[in-house]
Amino acid sequence: MLRYPAQPALFFLLSLAFSIGWTAISSELARYAAQYGNTVLLKLSLAYYVPSVPLLLTAAVLDEAVDRRVGRHAARTFRAVAGFGGCAAILAVLPLPAIQESLPRLLAAVAALGVASSVAFGCSYQLAGRSEDGATVALTLGFVSSAPLVLTLEAALRLGPCCSVEEAATLYEAAAAVAGSGLVAALTVARRQRSYSRQRLVLGAAAALSLPHLQQPLLAAGRPEPEAEAAAEAGSGSGALDRSGTGAAPGASHEGSHPGWAPLLHTGAGEAAIDVGMSALSGAASPLTRQLSGTSDEPLSDVAPGGSGGAELAAVWPAAAALALGVGASMFLFPFLTQLPPRELGTMLPVVLFWTRCFADIAGRLLPRLFGGLAPPGARALLALAALRAASLPLPLLYAAGRLPAYCYSDWLLVAYVAAMWLSSGALSVYSYLLVPRLVGPALIRRATSVMTLTFNAACLAGLLAAIPFSLP
């Protein structure tokens, strides 16, 4: 898979960009609760997640067909602009008094932000699915790192829990700038992946078809730097081409191989090399040339035939079920952060619970890196943890209803419970996504990622809908 030095930073910025808007809105829960009542967090959450589910459901059905028709790179570019560009535009106008002083307009703006964020979310995880596991970790870590960034901005701007709309305007402007940076990062990643995939396609085709007349034009058009060429010469005959992903064992011979192939793959040789390769391959093999000259820009092995792979795709269900249970339980609990009766902390309880949730989620997403590397635990372990979390949800309801023993009533016990719930939620989210490539083949990674994205948003919606009957007046 493609890897380059800036990759973790770019994926971190992607998830930071699509999550910072909702984090900024949620951080103002004290002001919104004072203005619109204690159930406003539930209303905002429903507005954010409900419209995105039909969109993602449609995308899961049509994404592959759209990619085949317009080209995967063009489709990714559109999703990036619609998602990250949409987030930036909405955040820029969100602090307008006409929006903030009307609950229906505020909910409509939040709904639009939810749609744009879900598009950016899906685009980001599709890009991460074509990169190494470290990209997924960077993506999930950036997703929750928006909370420290928002907290830092609020501290720098000296924004209190109930600041005015005018005071909060700078916060939303900064969030819009981050979303705009995410658009640049997404386009950069998509372009790198397109260039890498097309180079692999041309080089792999040349090796497979034994076309020595293609090798020299390619190398002349995309001559690597002397250092890279020297490294290739040093590695020729010992698997230099193998590292490009052709699948051959180290040390195997390659008919028609050239020491310049490997650096050409890894140094991002210019589009001229690709164009020469496409021209030289014209007519050599009709399925291949249709792939090269058409709209598709990915390796043939990554494109699953239409209508196939359904049975194999069903193998992703343990990861999807663990993610659904984990996210659903968290979203069921989330609206109650403003509804639980305070004691020691008074009116600051919702604020303390919100930031505890944010930082516990970050810590949970760091666990896969700190303990056990990137290898996820088994599917049964993930499902067991998700079920245990869901089984604990009656506790806050009993707490709010006053049906627990007297010694259980403490704001600090609530803080500890919220910390435990979101610590495990963060770990579950990362491990569920890391489990996907181990459940399905490479050709189904993109479709499986779409399933996980839809599962995430559907679970958010299901958790919020389940909380409505228990919502306190």
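User: Which helix gives the most to the lining of the largest cavity?
Analyst: Helix 1 does, with five residues. Keep in mind that this is a predicted model.

User: How many cavities of 30 Å³ or more does the structure hold?
Analyst: Four. The largest cavity has a volume of about 420 Å³.

User: Which lining residues are the closest to the centre of that largest cavity?
Analyst: W22, Y49, F143, R357 and F456, out of 30 residues that line the cavity.

User: And which elements give two or more residues to the lining?
Analyst: Helix 1 (7–26), helix 3 (40–49), helix 7 (103–128), helix 8 (133–157), helix 16 (317–333), helix 17 (349–370), helix 20 (411–435) and helix 21 (445–467).

User: How do the lining residues divide into nonpolar, polar and charged?
Analyst: There are 15 nonpolar residues, 12 polar ones and three charged ones.

User: New topic. At what angle do helix 1 and helix 3 pack?
Analyst: The angle is about 160°, and their axes are 11 Å apart. Angles over 145 degrees count as roughly antiparallel, so that is how helix 1 and helix 3 run relative to each other.

User: Is the crossing left-handed or right-handed?
Analyst: Helix 1 passes helix 3 in a right-handed crossing.

User: Which residues meet there?
Analyst: From helix 1, F18, W22 and I25; from helix 3, L44, S45, Y48 and Y49. That contact divides into six nonpolar residues, one polar and no charged. W22 and Y49 take part in this contact and are also among the residues closest to the centre of the largest cavity.

Key
Residues are numbered from 1 along each chain as its sequence is written. This is a predicted model: local features need pLDDT of at least 70, side-chain atom pairs count only at pLDDT 80 or more; totals for chains, interfaces and linings use all residues. Side-chain values use heavy atoms; hydrogens and water are left out. On a 1 Å grid over the protein atoms alone, a cavity is a set of points where a 1.4 Å probe fits but cannot get out, and a pocket is an open set with protein on both sides within 12 Å along at least five of seven lines; lining residues have an atom within 4 Å of a point. Grid points are joined across faces, edges and corners, and a volume is the space filled by probe spheres set on the points. Helices (H or I, at least four residues) and strands (E, at least two) are DSSP runs, numbered from the N terminus. Ala, Val, Leu, Ile, Met, Phe, Trp, Tyr, Cys and Pro count as nonpolar, Asp, Glu, Lys and Arg as charged, and the others, Gly among them, as polar. Axes are lines fitted to C-alpha atoms, for helices over the stretch in contact, and angles run from 0 to 180 degrees between N-to-C directions. Angles under 35 degrees count as roughly parallel, over 145 as roughly antiparallel, 65 to 115 as roughly perpendicular and the rest as oblique. A crossing is left-handed if the near helix is turned anticlockwise from the far one by less than a right angle, and right-handed if clockwise. Contact means heavy atoms within 4.5 Å.
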